[in-house]
Amino acid sequence: MSKFRDIFRGRPKYVTVRSQSEEGQGSRRELPDGLWTKCEGCGTPIYHKDLAKNLFVCEKCGFHHQIGARDRIAQIVDDMDAFEEFDRELWPANPLQFPDYEKKTQADREKTGLSDAIMTGKGTVGGYPAVLIAFDFFFRGGSMGSVVGEKVTRAFERATEQRLPVIAFPASGGARMQEGIFSLMQMQKTAWAVETHSRAGLLYISVLTDPTLAGVYGSFAALGDIIIAEPKATVGFAGPSVITETIRRPIPPDLQSAETVFANGFIDRIVPRTELKAALTQLLRYHAPVHSQRV
Amino acid sequence: MNGVFEWEKPLVELERRIEELQAFTVKEGIDLSDEIATLERKAESLRRQIYASLTPWQRVMIARHKERPTTLDYIGLIFDEFFELHGDRAVREDAAMVGGIALLDGRPVTVIGPQKGRSTKENIRRNFGLPHPEGYRKAMRLMKQAEKFNRPVISLIDVVGAYPGIEAEERGQGVLIAESIRCMSALTVPTICVITGEGGSGGALAIGVGDRVLMLENAWYSVISPEMCAQILWRDTSRAAEAAKLLRLTAADLAEFGIVDEVIPEPLGGAHRDPEKVAAAMKEAIVRHLSALDGLSKDELLSARHEKYRKIGAYTVRTEDELVRLEEARAEAEAPGEEEVHTD
Ligand SMILES: [Zn+2]
């Protein structure tokens with residue numbers, strides 16, 4: 001257990017609620033424990049602890065509130081204290097010298113406690129060891145720049161070496177614009193990492209969470225052996241506003257909802273968050289013979 | 001002045017005056033060669049001055065010039081023969097993506113690339129060169145066919161981006177782009193990509209994974225178009241010129257970053273000024289790179305390709321001490337310390 005992780009241990013647990021900022025990326029409103037918060041789906045005030053207990057899904061309307069990478073992994077692994085985080089020493093650079101980029105990543109770092117929009121590592125899920133990849137939408141809209149691409153790639157590489165399955169939870173607006181062409185190239189890197197893992201005969205489950213868009217959907221996220229989505233998650237390539245501007249007429253509101261994408265044949269199954277761990281465990285059990293069993 | 005950019009107008013004016021004087025000489029039999037020579041020197045210096053300092057946005061505009069050679073123009077100029085193949089064998093034919101078998105100095109190769117139209121009518125038929133998922137599926141089919149018959153793949157790229165349309169989304173363009181990137185990464189035959197005009201985001205990368213990536217001097221290649229970048233940054237697409245500068249999307253930038261292996265020069269003013277010359281330079285470069293790749297075994301080819309792409313990324317590596325120190329500072333700034341009590 002590293003010192004780094006110990007520091008997080010004493011932190012208050014937050015509910016993280018999305019609000020659209022200027023860049024169309026999420027910003028995190030942090031609400032302390034012991035308070036009431038309004039459901040984003042139906043507006044019902046919910047005692048925060050109850051919302052957290054129900055994995056940030058509204059019991060009344062079923063709305064799935066967005067959660068950060070750390071919360072996501074904590075919901076899935078058997079023991080967060082035993083979770084072995086990968087590559088947390090990788091931090092973003094500013095290869096294009098894009099104005100204000102360092103300032104923005106610094107602010108998001110303070111907000112999320114992450115060096116970039118992702119947390120990767122190894123843990124057990126229902127007793128089965130697995131490599132987990134969780135995006136954090138509250139860090140630059142979960143966008144994939146060099147750090148995110150590198151961490152996804154390394155996670156698949158480690159899983160290949162250790163013969164482990166991978167479960168990925170993308171939550172991303174797409175590529176990281178401020179890293180320009182370097183972010184675009186992460187699409188190739190991650191797609192090829194998936195393929196190498198796949199050629200070793202190992203399982204990759206992609207769990208599409210709200211939103212999974214553009215360069216992230218158009219690379220590793222769409223390449224799972226099994227593709228699951230959370231209810232109502234936005235899933236697509238082009239952003240809805242860009243489509244509207246291009247075709248100059250309104251688009252069907254549910255065009256990119258997980259339910260529509262499922263009906264179009266691109267998702268295996270929609271699984272509510274409260275049933276997600278059980279579903280993943282079930283799938284890991286079916287594939288256990290091909291994977292390494294040591295933890 | 002059709003097809004002339006604002007910044008070229010003084011030069012084009014001067015060129016016209018020279019032509020007028022030449023015509024006058026012929027017509028009236030008066031020797032004006034001194035005057036003409038002076039003007040020609042002036043024109044030459046103006047030409048160098050204008051084109052030596054093109055801004056990134058001016059290059060984007062040249063890349064979009066309506067007379068800029070298209071994929072099929074280059075195919076006609078570079079290859080001895082071209083046999084176009086159609087259809088994705090699943091949904092439909094997509095005229096925004098062309099492909100087929102061509103002869104490069106007598107050698108069969110597979111060529112693919114997005115195709116823009118010249119007229120409005122052709123542009124509608126070709127969806128302004130923006131492929132639907134079927135276009136990527138067709139490209140993949142032809143690339144796999146190339147692999148089967150052990151012929152190289154040449155990809156000519158000129159696409160502003162993935163198509164933001166309802167049907168493209170309904171038919172899973174994200175999935176097709178991901179699959180195409182994977183397919184191209186895995187090809188066991190040499191692949192050479194040339195960005196000839198616009199290289200826009202995932203739409204370009206889907207057919208842009210190559211053992212060699214070449215780029216024309218005035219082409220652009222970026223994760224996002226300048227207009228969309230300006231829209232995100234300032235909610236104002238009219239500031240695209242500023243965004244173009246920030247994105248570092250020129251051929252020179254990408255060569256500096258190591259993303260592009262070679263920049264192919266264009267005539268002053270752009271490829272439309274002399275398509276034959278540009279095509280000849282492209283052909284020379286393609287043949288040269290292919291002959292270097294021909295010497296590699298399939299394994300060598302694949303590992304060289306994967307090493308090349310595996311390295312791409314710009315990040316910093318922090319020490320454990322740094323991580324702890326920064327996290328302590330952050331925790332202190334937040335400073336609640338208690339599990340249950342927290343105030344912002
Ligand atoms: Zn609700």
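Hi everyone. Let me start with one definition: a residue is called buried when its relative accessible area is under 20%, and exposed when that area is over 50%, with partly exposed in between. By that rule B:Gly87 is buried, because its relative accessible area is 12%. Please keep in mind that we are looking at a predicted model.

Let's stay with B:Gly87 for a moment. Where is B:Gly87 in chain B? You will find it in the loop that runs between strand E1 (81–84) and strand E2 (97–104). Setting aside neighbours within four places in sequence, B:Gly87 is in contact with B:Arg92, B:Glu93, B:Lys138 and B:Arg141. Now pick out B:Leu46, which is 41 residues from B:Gly87 along the chain; the two C-alpha atoms are separated by 48 Å.

Two other loop residues of chain B are worth a visit. B:Arg126 belongs to the loop between helix H5 (120–125) and helix H6 (133–148). Is B:Arg126 buried or exposed? It counts as buried, because its relative accessibility is 7%. Not counting residues up to four places away in sequence, the residues B:Arg126 touches include B:Leu72, B:Val98 and B:Gln115.

B:Ser297 is in the loop between helix H13 (275–294) and helix H14 (298–310). With a relative accessible area of 35%, B:Ser297 is partly exposed. Between B:Ser297 and B:Glu19 there are 56 Å from C-alpha to C-alpha, and in sequence they are 278 residues apart.

Now over to chain A, which has 295 residues, 65% of them buried. If you take contacts between residues at least 6 apart in sequence, 69% of them in chain A join residues at least 24 apart.

Next, please find the zinc ion. Which residues coordinate it? They are A:Cys39, A:Cys42, A:Cys58 and A:Cys61, each through its SG atom, at 2.2 to 2.3 Å. Along the chain these donors follow the spacing C-x2-C-x15-C-x2-C. The site is tetrahedral, with angles of 107 to 112° among the 4 donor atoms. Look at two of these cysteines: A:Cys58 is buried, at 3% relative accessible area, whereas A:Cys61 is partly exposed, at 39%.

Chain A also has some backbone details to point at. A:Asp210 and A:Pro211 are joined by a cis peptide bond, with omega about -15°. A:Pro211 is in the loop between strand E10 (204–208) and strand E11 (212–213). Then there is A:Arg140, which is not a glycine but has a positive phi, near 45°. A:Arg140 lies in the loop between strand E8 (128–135) and helix H5 (146–161), and it is buried, at 10% relative accessible area. A:Lys232 is not a glycine either, and its phi is positive at about 65°. A:Lys232, however, is exposed, with a relative accessible area of 65%.

How many cavities of 30 Å³ or more does a search of the whole structure find? There are 4, and the largest cavity holds about 80 Å³ of space. Of the 13 residues lining that largest cavity, the closest to its centre are A:Tyr217, A:Val235, A:Gly236, A:Val261 and B:Glu169. Strand E13 (235–236) of chain A, along with helix H7 (166–170) and helix H8 (173–186) of chain B, each supply at least two residues of the lining.

Key:
Residues numbered from 1 in each chain as written. Chains lettered and ligands numbered in written order. Predicted model: local features only at pLDDT ≥ 70, side-chain atom pairs only at ≥ 80, totals over all residues. Heavy atoms only, no water. Donors = N, O, S within 2.8 Å, 3.2 Å for Na, K, Ca; no water. Tetrahedral: all angles 85-135°; square planar, octahedral: opposite > 155°, others 65-115°. Buried < 20%, exposed > 50% of the residue type's maximum accessible area, 1.4 Å probe, protein only. Contact = heavy atoms within 4.5 Å. 1 Å grid on protein atoms, 1.4 Å probe; cavity = no way out; pocket = protein on both sides within 12 Å on 5 of 7 lines; lining within 4 Å. Points joined across faces, edges and corners; volume = space filled by probe spheres on them. Helix = DSSP H or I, 4+ residues; strand = E, 2+ residues; numbered from the N terminus.
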